[in-house]
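Hi,

Here is the structure I promised to pass on. Have a look at it first, and my notes follow just below.

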Amino acid sequence: MANIITTSGLCKQYGAAMGVKDLDLSVPEGVIYGFLGPNGAGKSTTMKMILGLAKPTRGTIIVFDKEVNRRNRLAILKETGSLIEAPSFYAHLTGKENLKIISTLKELPDSEIDRVLKFVRLEDQKNKKAGQYSLGMKQRLGLAGALLGNPRLLILDEPTNGLDPAGIQEIRELICSLPKSFGITVMVSSHLLSEIDQMAGHIGVISRGELVFQDRLSALHDRSESRIAIRTLDNIAAGSVLSSQGIAYQEQEGYLLIPKLNDNQLAGYFIRFLKEDIGVVRIEERKKTLEDIFLELTGMAVKL
Amino acid sequence: MKGIRLEFYKLRRRKIWVIILVLLVVQCLWGMWAFRNMDAKKLSQGYMQCLYHFSVLNTIMMPMIAAITASKVCDLEHKGQTFKFLLTVMPAGALFDAKFICASMYMVAVGVAQTAFIMVLGKVAGFTETFPPGYLLYYLIITITVTVVILAIQQAFSLLFTNQMVSFVIGITGSFAGLFSLFLPRNIQRGILWSYYGVLMPVRMNWDSQTRIADLQYIPVDWSSFWLLMGLFAMIYFTGRRCFARKER
């Protein structure tokens, strides 16, 4: 799959501190790419650099197979929509008038305004001043503005920030429908793992300005297979029994962790333990959460 | 043109002209106060009196009008956090230019309204001085030019600082600096941007200390000061534009 965004050794320095350090992003075309990281990790800075709103200290950014520089930036961004941090709008103008400004700048027909208003379900509120919109409606207006002209790439920075659960679900549904409905590649950032888990197909995790993981989301889920945790009165003897049967185990916090077994196999080992006078006091099935996996992958690098 | 048209579109319902009109009316009423008791001698120098008094009043009022206009035109972008979006679809320099031209249109309108008011006042008050179209045109050009240069510095600060108090303080400080500089030597006046209404005014007052009579007379255009002002404008405009374009969002 071809990449729509590629960054190589991207750095941004603020004084002595590195806001973003040697970032090598690869965003494949036609997917929702979740850009995950705690607050202050460098997500917004990275997105701003891709959009040319901040100047990289070092490194290159390639969008649509072209290296972005000061001269070609706007030509490349013609096929890009964005929503960075809070939605941008003129509070004294109506929703439709706000979109009119963007569509005029992008030289689009008025029919395009009606199309995006319908898509974000704001057509009934289009003549209301944007300042009177709820936060959810403002976010949808921002999304509508980003979608004007049906861009190939959409860059959304924390689009659900500050929304109530219903608003989050609404925005999430809209974002999830974009690749299928319009063939748009979406790069969406969040500090909430659960949110990215529900939206993205690919994921990049940034911590303290550094990319600590990047792959398909399924690659993470593959690591979250179930394991059986057994606690006995004599874990050393129990470990010997398991080893003699060729079962790999790991000792952790007083438990022996073994791969998931079927019920008959597990019952067999349980009987063996009893025959060896090993008292079994706990048997639990454990499934690692994505957060556990992140901590495993990054050590303490990611605290979400 | 598209950018300029959009700037006017953005100002819908902002009623920017209301505050400009109020300040203009205040200035005209203030100017009329100086003509409440006109004798034959004052009537014979009516237009000169007008051009002199309005130039002095411009030193006080026009920087405030420029500061408020620039602030109104720029503040809506700060409030709406729209730079992050706008600058992905248009160059920062083009946005700066469009805002400047849009705000300058209001300054031109104020200058024209002032000049028209002087002409009407001349007819109504019955000035006996011969109507001086050349000097009125010169006054109009100078008023607009100086105001537009002040507008450039106001706009730069209004765009660079989210807090519009910075811009207002500069406007008010400049206004007072310009007024007090009228009592200072000409070379010092030429170093203060806000004093150019006085430096370039087409009329001079002659004070005869023996007869204790003040007399007004037209003076030739001070081209050296005019070109110095143009140099200041170029410096202010392009520095402001560059700073705005280089600022990260």
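Which residues of strand 9 of chain A point one way, and which the other way? T185(A), M187(A) and S189(A) are on one side, while V186(A), V188(A) and S190(A) face the other way, and all are buried. Please keep in mind that this is a predicted model.

Strand 9 spans residues 185–190 of chain A, and six of its six residues are buried, so the strand is largely enclosed by the rest of the structure. It has these partners:

- Strand 4 (residues 32–36) of chain A runs parallel to strand 9 of chain A, and five bridges join them. Here L36(A) stands opposite S190(A).
- Strand 8 of chain A also pairs with strand 9 of chain A in the parallel sense, over five bridges. In this pairing D157(A) is opposite S189(A).

Strand 8, helix 6 and strand 9 of chain A together form a right-handed β-α-β unit.

Next, the loop between strand 8 (153–157) and helix 6 (165–182) of chain A, which is where you will find L163(A). Setting aside neighbours within four places in sequence, L163(A) is in contact with L135(A), G136(A), Q139(A), I168(A) and I171(A).

The domain assignment gives domain 1 (3–79 + 151–221) and domain 2 (226–287). Taken over C-alpha atoms, the centres of these two domains of chain A are separated by 44 Å. From the record, an unreviewed UniProt entry, comes the annotation "domain: ABC transporter" for residues 5–233 of chain A. That span is 34% helix and 30% strand, and its end C-alpha atoms lie 55 Å apart.

Last, the contact between the chains. On the chain A side, 22 residues are in contact with 21 residues of chain B. Helix 2 (73–77) and helix 3 (95–105) of chain A are the elements that give two or more residues to this side. Helix 3 of chain A gives the most, with three residues. By class, the side of chain A that touches chain B has 13 nonpolar, five polar and four charged residues.

Note on methods
Residues numbered from 1 in each chain as written. Chains lettered and ligands numbered in written order. Predicted model: local features only at pLDDT ≥ 70, side-chain atom pairs only at ≥ 80, totals over all residues. Domains from an automatic or database assignment. Helix = DSSP H or I, 4+ residues; strand = E, 2+ residues; numbered from the N terminus. Contact = placed C-beta atoms within 7 Å. UniProt positions renumbered as here; feature names shortened; annotations may be inferred. Buried ≥ 20, exposed ≤ 12 C-beta atoms within 10 Å, placed from the backbone. Pairing = 2+ DSSP bridges. Right-handed = clockwise from strand over helix to strand, strands pointing away. Nonpolar A, V, L, I, M, F, W, Y, C, P; charged D, E, K, R; others polar.
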